[in-house]
Amino acid sequence: MENQSDNPPQEFHSSPVRKEFIPLAEQDLRQALADWFQVPPTFSETRNIHQIGTLLGEITKKLPSLSVGLAPETLQKGWLAAAGPFLGKQANLLSISKGVAIIQVLQPAIRYHLEQWKAPLLAKLQKEFPGEDIKAVRIRIG
């Protein structure tokens, strides 16, 4: 009879570690993409899954804030002072953003008139809104 002390005890596992079954076509596709992008193939389906809160937080930090800009009442008062009573009623200063004042008119004739007076109008807008760095005026019909 053999001596039991000569043989080391064997470790028993309840079940072998199983790998995820991936069809051959899927394996080939993953390997082709890995070869194309020159990265090792990924075998985890959950590797790039993130919580929606973290992604939305990162995206909203990159978006411009909605509170940036002047209030519509401030724009209207400044526009009436810069353009005068007639043009102030015929056109509307929509916004001042990134150094561009956007003016909306309803009639093409008023747009033409404002185009002719663009330089003096720019100077008056710069005087009315000294905190804003207005460099250009854009006039649109609508």
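This is a predicted model: local features need pLDDT of at least 70, side-chain atom pairs count only at pLDDT 80 or more; totals for chains, interfaces and linings use all residues.
Q: Which residues of H5 are buried?
A: Helix H5 spans residues 118-128, and its buried residues are Leu-121, Leu-122 and Leu-125.

Q: What do the buried residues of H5 pack against?
A: Their partners are helix H3 (72-90), strand E1 (91-97), strand E2 (100-105), helix H4 (108-116) and strand E3 (136-141). Leaving out residues up to four places away in sequence, Leu-125 touches Trp-79, Ala-82, Leu-93, Ala-101, Ile-134 and Val-137.

Q: Which residues of the largest nonpolar core touch the most other members?
A: This core has 20 residues, and Trp-79, Leu-93, Ile-103, Leu-114 and Leu-125 touch the most other members. At least two core residues come from each of H3, E1, E2, H4, H5 and E3. H3 gives the most, with five residues.

Q: What makes E1 and E2 a pair of strands?
A: Two strands pair if there are at least two bridges between them. E1 and E2 have six bridges, in the antiparallel sense, so they pass that test. You can find Ser-97 opposite Val-100 in E2. The two strands form a hairpin with two residues between them.

Q: What makes E2 and E3 a pair of strands?
A: The test is again at least two bridges. E2 and E3 have six, in the parallel sense, so they count as paired. Across this pairing, Val-105 stands opposite Ile-141 in E3, and Ile-102 has Arg-138 as its bridge partner in E3.

Q: Why are E1 and E3 called edge strands?
A: The sheet is open, with three strands in the order E1-E2-E3 and mixed pairing. E1 and E3 each pair on one side only, and that makes them the edge strands. On average, neighbouring strands of this sheet are turned by 25 degrees against each other, direction ignored. H3 packs on the sheet, where H3 touches E1 and E2, and its direction makes about 150 degrees with that of E1.

Q: What makes E2 mostly covered?
A: Five of the six residues of E2 are buried.

Q: Why is Lys-98 called exposed?
A: Exposed means over 50% relative accessible area. Lys-98 has 86%, so it is exposed. You will find Lys-98 in the loop between E1 and E2. Its phi is near 55 degrees, a positive value in a residue other than glycine.

Q: Why does the contact between Glu-26 and Arg-30 count as a salt bridge?
A: A salt bridge needs a side-chain nitrogen of Lys or Arg within 4 Å of a carboxyl oxygen of Asp or Glu. For Glu-26 and Arg-30 the N to O value is 3.3 Å, so the pair qualifies. Both residues lie in helix H1 (residues 24-37), four residues apart, about one turn of the helix.

Q: How many salt bridges does the structure hold?
A: There are four. One of them joins Lys-135 and Asp-133 at 3.6 Å, N to O. Another joins Arg-111 and Glu-115 at 3.7 Å, N to O, and these two residues sit four residues apart in helix H4. Arg-111 is partly exposed at 31%, and Glu-115 is partly exposed at 28%. Salt bridges that share partners join Arg-111, Glu-115 and Lys-118 into one network.

Methods: Residues are numbered from 1 along each chain as its sequence is written. Side-chain values use heavy atoms; hydrogens and water are left out. Buried means under 20% relative accessible area, exposed over 50%, partly exposed in between (1.4 Å probe, protein chains only). Contact means heavy atoms within 4.5 Å. A nonpolar core is a set of buried Ala, Val, Leu, Ile, Met, Phe, Trp, Tyr and Cys residues joined through side-chain atoms within 4.5 Å. Axes are lines fitted to C-alpha atoms, for helices over the stretch in contact, and angles run from 0 to 180 degrees between N-to-C directions.
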